[in-house]
Structure formats: C-alpha cells, structure tokens
Amino acid sequence: MADIVDLSSDDELGDVDVKPVKLEPGLVGRKLQQNENNEALLVKHQKSKTPCAIRESEENRSSNALSTGHSNSSILDQGQSPVDDTGLSYTSPLSPAPLCRQFWKAGNYNDGIGSKVTIQNGKNYLHVHPMFLHSNATSHKWAFGAIAELLDNAVDEIQNGATFVIVDKTSNPRDGSPALLIQDNGSGMDPEAMRRCMSFGFSDKKSKSAIGQYGNGFKTSTMRLGADVIVFSRHQDKRVLTQSIGLLSYTFLARTGHDRIVVPMVDYEFNTSTETLEIMHGTEHFMSNLSMLLQWSPYSTEADLLKQFNDIGAHGTKVIIYNLWFNDDGNVELDFDTDPEDIRISGDTKKVNASSKWKTVNEEHIANRFHYSLRVYLSILYLRIPETFQIVLRGRVVEHHNIANDLKFPEFILYKPQTGGSVEGQVITTIGFLKEAPHVSFHGFNVYHKNRLILPFWQVVSYLDSRGRGVVGVLEANFVEPSHNKQDFEKTSLFQKLEARLKEMTWNT
Ligand SMILES: Nc1ncnc2c1ncn2[C@@H]1O[C@H](COP(=O)(O)OP(=O)(O)OP(=O)(O)O)[C@@H](O)[C@H]1O
Ligand SMILES: [Mg+2]
C-alpha cells in the first residue's frame, strides 16, 4: 500500500494525557443561544459525567496566544510529540521558538529537532514539519492573492447554496488585535471534510467548474496572512447536524516545539430527540483537543467558542485568521484603518509615472488600485457572479466590475488553441482600448481561469512598444493550468502559444 502522509493529529491524540482543566459547572444543562433562529441547543458530553464547559485554569492559560510562554502542565507544552507512535520516539527538548511577527522572516525557528519518518503498524508515515506551513505559504507573494483563495472556497460553495461571503475585520478578544474574518453560508464541512480542509492535497471538489483543485489553498492562504487560523463550520446532512472547530496554529506549533503538524479539532453533533449538542469521538479525545483550543485560540472558554456559531445560520463556515503578519515597517500588513469600508495593503500605494495632468486619472485607475485596495480587486476577481451571490466587504456589497465594459472599439477574437494537432477548446478574447487611452499607462490582458482572475493586466508586450499602449483584453482561458498560487499559469507550450497569439492581437489592434 502507498505511504500515507499523516497530518491528522487528532486521532493520535486519543492517547494523550489530558491537560488539567478547571471545570465550569454553570454551563451544564444551560441552554446556549445557537443560531439566528434562536434555536437553543444544549451541549451534552456523551459517556461522561464531566460537565461540558471547561475552561483553562488561569495559571495555565495564556492571555495572549502570541506572547505566551510555556505552561508546565501539558505534555504538548513539554515539546513532546502528541503520541509516541514509533515506540522509538524521543522527547524533544523544550524550545521557546519565539515567532517573528513579519511573514517573510517567520520561516526559521530552531526547534532543535529534525523531521523523521516513523513506522506505525508496518506502514511508513511521513510527517510534515510545522515550518512547512510557512514555506508552503511563501507561494503567495501578495496578501490579496491569499485572500482570494478563501473567497474561492466560498464561491465554490455557490453550487451548494451559498448566497454570500463576508470579508471583515474582527478582533482577537485576548488582546484586541485585528483579525480577518471570512464567512460564508455554504454547506459547511462535516468533521471529515474539516479534517481534509486542514490536511494537504485533499480536495473534495469534483465539479469541473470548481475553482479549487489542488487541496492547498486554505493552508497557503491562511498561513500567508497570519500565524494562526481557527475555523468554525456547521454542516447539515439529511437529519444530522454537526459543528466542527479546527485550529491551525503556527504559534502553537512553534512555541511548543512540535516536530509535526498537530491540528486540534473538536466536533459536536446535534441530537434531535434531546435537542442537545453532543460531543463526538469520545470524551478523552474531546477534552485534550478542547484544552489546546482554549489555550491557543482567541477564545478561552468553550462557551465563547460555541458562541461563534451564533451567526452562522443553518450551515456555513467561518474562518478567523489572527496574529496577522506585520510588514517590514512593523505595521499589520492588512490596513483596516485607512478606509473603514475596505482592506488595504499597508504602504502599497503605487506611484504612477504620468504627466501631472493625467496623474490622478492613472493613480485612480482600476488597473492601479487593485494592487492595494481589496474592494477593487474583489470587484474584478470573478468574471461572472450570480445575482444570488454577494461579496460583502466590511459591511458593503462589492460591486462587480467587468473590465471588458471599460473598452472602446472592442473586438471579439476567437482563438482555438492546439497541441499535437488537436484543438484544446476555444476562447473568445474581448480586446479594445481603455476609455482613458492614450493618457493612461496601463495595458495587457486580464486572464481568467474558470471564472477566476489569474493574471490581471498581464503585459504580453513591452510597455515601450507604443503599439500596445492602452490596449486591454479580457479572456477566460480554461485550457491552461493555473500555478498553485493562482496568480500565474504553468508555462506549458499551450501557454506559450497563447502568449504569442495575444501579442499578435495587441499589435493588430
Ligand atoms: N468555505 C468552505 N466551505 C466548505 N468547504 C470548504 C470551505 N473551505 C474549504 N473547504 C473544504 O476544504 C477543502 C480544502 O480547501 P483548499 O482551499 O485547501 O483546497 P481546494 O479548494 O480543494 O483546492 P485549491 O488548493 O485549488 O484551493 C476543500 O476541497 C473543501 O472541501
Ligand atoms: Mg481552495
């Protein structure tokens, strides 16, 4: 049988000593406000008389996930792997592993341990070191490219009934620091799907029209934007309603010196006959995972965690990225302050070379502003958005913008890409001049793949070639493969042919 890359820590965690927790008896038998419909659910722990709502003892709990040191009671905090699955495992030395707040510098910490391959039940399991979370995320050079991945996951849920995705600023209750919220009302994830979401290379998407295909976007994007992410998902399948909470925390893994990726998760199932929420996978597993969630997530009680489902509705997913990365100037890379209805990239306003008369027109042009304004980027991110679906950025709907509508003297050019003599589909390019041409310095092609913008204003001819000045095109090229960060295409011969064809089109316009 093929080797399996083992990333799902939670099953292993069943054997781990549960960290001492302070019980909060007040929550047992107490009704929790659950969703918008005020549906009251009770949390009940199966096979246990232990009350459900547990809270870290104040001495052990960190007050700030980033500034915390080590507690001395948790087996995980002692730098051990959650389970000794080899019989040969060794105890890793405790490592303080301070995390740098700047993304591009946060990839190296010395945990004093090397990755290893372990043998369990005769099979070789490869482990993925936590540093891989960082290196994997470096594929996103641009923070908005990472946000786009999370929007893609919501847009892929349109076929499962999603009608909105919310992108907003929220705050980490531990310390009030800004956090990024992405929430949709798609079908949500059941416990298994949540595990796959947190794993690498698993994609559930079977539909040909889905944007997601590599099973990596969630991990690269969240880890590119911040050190930590918590996910809440509610899923309803026939009569079974589940709620799952998962935590992918670079801070936790680095600070506790883990040599492999451990993802604390808890799952609940709604019992319709008793109208209570019951924990899944056994009390011991639940308690150890909950304990880690309460220590390393922004929420310090189970009730606070469960409150996050209050606005999720019947099904959907909420992703909260916290401990957002800083830029080189020491500011949070995502700027929530300059425009309360937008998210900007701090310090990324582009200076445009143009005569003073046309400077403002150039600076205000969509081809310039999408670099630093999320509202502008999201307005062109999808070629088509169904009327039933809205992207809501910081409380205001993003207006869809079709760049093809900005063109004067538009032409529609059919191209049939071919390899080895066989036609690989067909694509119609809309090409014309920007309305502001020749006074704006932008040109190039906006290349979409399965409805998603991959290359914005891709310059196939040099700017110095005056024949291309102001010429802009829009096309959907489904016959070429996007690269893993979805900001470029694989450089196949089909792609090279497309590039040559688009050059010709530019010169002929
Ligand atoms: N908002 C969401 N709602 C429902 N399921 C989701 C959501 N986000 C992620 N998932 C699930 O998690 C899986 C992994 O997501 P991820 O973005 O990592 O990969 P992908 O979308 O399948 O492929 P790609 O790497 O191309 O984005 C998805 O296949 C999907 O099953
Ligand atoms: Mg995806």
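**Terms and conventions.** A residue is called buried when its relative accessible area is under 20%, exposed when that area is over 50%, and partly exposed in between, using a 1.4 Å probe and protein chains only. This is a predicted model, in which local features need pLDDT of at least 70 and side-chain atom pairs count only at pLDDT 80 or more, while totals for chains, interfaces and linings use all residues. Residues are numbered from 1 along each chain as its sequence is written, chains are lettered from A and ligands numbered from 1 in the order in which they are written, and side-chain values use heavy atoms, with hydrogens and water left out.

**Figure 1. The whole chain.** The secondary structure comprises eleven helices and 25 strands, where helices (H or I, at least four residues) and strands (E, at least two) are DSSP runs numbered from the N terminus. Of the 509 residues in the chain, 57% count as buried. Among contacts (heavy atoms within 4.5 Å) with a separation of 6 or more, 70% come from residues 24 or more positions apart. The chain exposes about 21,300 Å², of which carbon and sulfur atoms supply 50%; accessible areas come from the Shrake-Rupley method with a 1.4 Å probe, and for residues only the protein chains shown count as cover.

**Figure 2. Helix H10.** Helix H10, which spans residues 374-381, is largely enclosed by the rest of the structure because eight of its eight residues are buried. These buried residues are Leu-374, Arg-375, Val-376, Tyr-377, Leu-378, Ser-379, Ile-380 and Leu-381.

**Figure 3. The nonpolar cores.** A nonpolar core is a set of buried Ala, Val, Leu, Ile, Met, Phe, Trp, Tyr and Cys residues joined through side-chain atoms within 4.5 Å. The largest such core has 105 residues, and those with the most contacts inside it are Leu-151, Leu-180 and Ile-230. Helix H2 (residues 143-155) gives the most to this core, contributing nine residues. At least three residues of this core come from each of domain 1 (4-324) and domain 2 (403-508), with the domain bounds taken from an automatic or database domain assignment. Apart from this core lies another, of 22 residues, which include Val-447, Leu-455, Val-460 and Ala-477.

**Figure 4. The surroundings of ligand 1.** Ligand 1 is surrounded by 20 residues, the closest being Ser-203, Lys-205, Gln-213, Asn-216 and Lys-486, where a residue is near if one of its heavy atoms lies within 4 Å. An N or O atom in the side chain of Ser-203 is 2.5 Å from an oxygen atom of ligand 1, and the corresponding distance for the side chain of Lys-486 is 2.6 Å. For Gln-213, a backbone N or O atom lies 2.7 Å from an oxygen atom of ligand 1. Taken alone, ligand 1 exposes 590 Å², and the protein buries 96% of that area.

**Figure 5. Ser-233 in strand E10.** Ser-233 is found in strand E10 (residues 226-237) and is buried, with a relative accessible area of 0%. Its side chain reaches the backbone nitrogen of Met-189 at 2.7 Å. Leaving aside neighbours within four places in sequence, Ser-233 is in contact with residues including Gly-188, Met-194, Thr-242 and Phe-309. Ser-233 and Lys-318 are 85 residues apart in sequence, yet their C-alpha atoms are 6.3 Å apart in space.

**Figure 6. Arg-224 in helix H4.** Arg-224 lies in helix H4 (residues 217-225) and counts as buried at 1% relative accessibility. Not counting residues up to four places away in sequence, Arg-224 touches several residues, among them Phe-103, Trp-104, His-140, Trp-325 and Glu-333.

Note on methods
Polar contact = N/O pair within 3.5 Å; in protein donor to acceptor, adjacent residues only side chain to side chain.
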